[in-house]
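Subject: Structure handover

Hi,

Here is the structure I promised you. Please open it next to this email and follow along as you read.

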Amino acid sequence: MGIKVINISKTYDKIKALENISFEVKPGELFGLIGPDGAGKTTLFRILTTLLIADTGEATVAGYDVVQEYKSIRNHVGYMPGRFSLYQDLTVEENLNFFATIFGTTIEENYDLIKDIYVQIEPFKNRRAGKLSGGMKQKLALSCALIHKPKVLFLDEPTTGVDPVSRKEFWEMLKRLQKKNITILVSTPYMDEAELCDRIALITDGKILEIDTPEAIKSSFPKKIYRVKSSGTFQLIQDLGAYDKTHSAYPFGEYIHFTSTSTDFKAKDLVDFLKEKNHSNIEVMETDPTIEDTFMELSK
Ligand SMILES: Nc1ncnc2c1ncn2[C@@H]1O[C@H](COP(=O)(O)OP(=O)(O)OP(=O)(O)O)[C@@H](O)[C@H]1O
């Protein structure tokens, strides 16, 4: 009752939005699609929620074929699209009632499923959706996507433009929904959110680079990573770019993450090189790989 995607491709004019995508989401799994803007995440969501037909390939959602059995899928999935999808001029309660009605249900019938989320916006039930904060809009959109008790939930960048506290609360809600046997496919450009998924697929330019648990993806990183800092960040990037032992060097927060082509490379080699280049306040320290590092390495 999860999701199966087999060799899905989709091209818009000349843009290959998806190229031979295959993966499986197990029933009850919280699966993340992690990738930058334009990676193809929305296109994939639209295909799986039957709003768009793939050029080639097959997919099933909750056991139903996305083309042949699209009507059944629509009754069994909840979809929270990336951009705010609610009726801005309707109130919170009217929006929820509207979605309940089109699925032939009522707020009361499935209140248990949305209770946790809805109680937080219920005090504002008479406010128009267009006047809600980002975090509240997101909670309302999730309530609307859940009101017909879907088996599978699709969330396209649900936390983009939402403050950090609401983001954290949102992920806690997803974990609780997962315990109620809902399969969840969520996309995000935030690498820290990737860590909260059971498994993730790293996607860029319409292709999947890797699928595994966040832990396995991090531990598969093939090189030692050093975090590097000096008083002149711009010059540091330039000099690391020109260094003959550099495999990769890219900004990572306040540091540059550096890997070397050499297998017996030592932090001292880099310190000596940077001293030669007149850098001051040099800091070079080995650090643990993150999902973002794997992403950078695989998309090189
Ligand atoms: N209707 C369309 N017509 C032409 N090109 C499109 C269309 N929709 C998407 N694309 C292109 O297909 C590629 C994948 O887009 P898609 O929206 O699926 O990516 P995404 O990962 O969801 O990114 P974003 O978060 O920016 O929506 C992009 O290059 C995009 O410009």
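Valine 228 stands opposite isoleucine 256 in β13. Strand β11 (residues 225-229) and strand β13 (residues 255-260) pair in the antiparallel sense over 3 bridges. Two strands count as paired if DSSP finds at least two bridges between them. Strands (E, at least two residues) and helices (H or I, at least four residues) are DSSP runs, numbered from the N terminus.

Before going on, a note on the source. This is a predicted model, in which local features need pLDDT of at least 70 and side-chain atom pairs count only at pLDDT 80 or more, while totals for chains, interfaces and linings use all residues. Residues are numbered from 1 along each chain as its sequence is written, and side-chain values use heavy atoms, with hydrogens and water left out.

The sheet around β11

Which order do the strands take? The open sheet has 4 strands, in the order β12-β13-β11-β14, and the pairing is antiparallel. β12 (246-252) and β14 (283-287) stand at the edges with a single partner strand each, so one side of each has no neighbour in the sheet. From one strand to the next, the twist averages 25°. Helix α9 (residues 233-242) packs on this sheet and touches β11, β12 and β13. Contact here means heavy atoms within 4.5 Å. The direction of α9 makes about 10° with that of β13. Axes are lines fitted to C-alpha atoms, for helices over the stretch in contact, and angles run from 0 to 180 degrees between N-to-C directions.

Now look at β9. 6 of the 6 residues of β9 are buried, so the strand is largely enclosed by the rest of the structure. Buried means under 20% relative accessible area, exposed means over 50%, and partly exposed is in between (1.4 Å probe, protein chains only). Both faces of β9 are covered. Arg199, Ala201 and Ile203 are buried on one side, and Ile200, Leu202 and Thr204 on the other.

β9 (residues 199-204) pairs with β10 (residues 207-212) in the antiparallel sense, over 5 bridges. Leucine 202 stands opposite glutamate 210 in β10. Isoleucine 200 stands opposite aspartate 212. The hairpin of β9 and β10 has 2 residues between the strands, and aspartate 205 takes a positive phi there, near 50°. β9 also pairs with strand β3 (residues 30-34), in the parallel sense over 4 bridges. Glycine 32 has isoleucine 200 of β9 as its bridge partner.

Helix α3

Which residues of α3 are buried? In this helix (residues 92-102), they are Val92, Asn95, Leu96, Phe99 and Ala100. Seen down the axis of α3, these buried residues fall within an arc of 130°, so they line one face of the helix. The arc is that of the directions from the helix axis to the C-beta atoms. An α-helix has 3.6 residues a turn, so residues three or four places apart point the same way. Thr101 and Ile102, on the other side of α3, are exposed.

The buried residues of α3 pack against α4 (111-121) and α5 (134-146). α3 and α4 pack at an angle of about 150°, with their axes 11 Å apart. That makes α3 roughly antiparallel to α4. Angles over 145 degrees count as roughly antiparallel, under 35 as roughly parallel, 65 to 115 as roughly perpendicular and the rest as oblique. The contact is made by Val92, Glu93 and Leu96 of α3 and by Ile114, Tyr118 and Ile121 of α4. After α3 comes glycine 104, whose phi is positive, near 65°.

Aspartate 269 lies in helix α10 (residues 267-276). Aspartate 269 touches Tyr243 and Asp264, not counting residues up to four places away in sequence.

The whole chain

The secondary structure of the protein chain comes to 11 helices and 14 strands. Of its 300 residues, 46% are buried. The C-alpha atoms fill a box of roughly 70 × 45 × 35 Å, taken along the principal axes. Of the contacts with a separation of 6 or more, 70% are between residues 24 or more positions apart.

Best wishes
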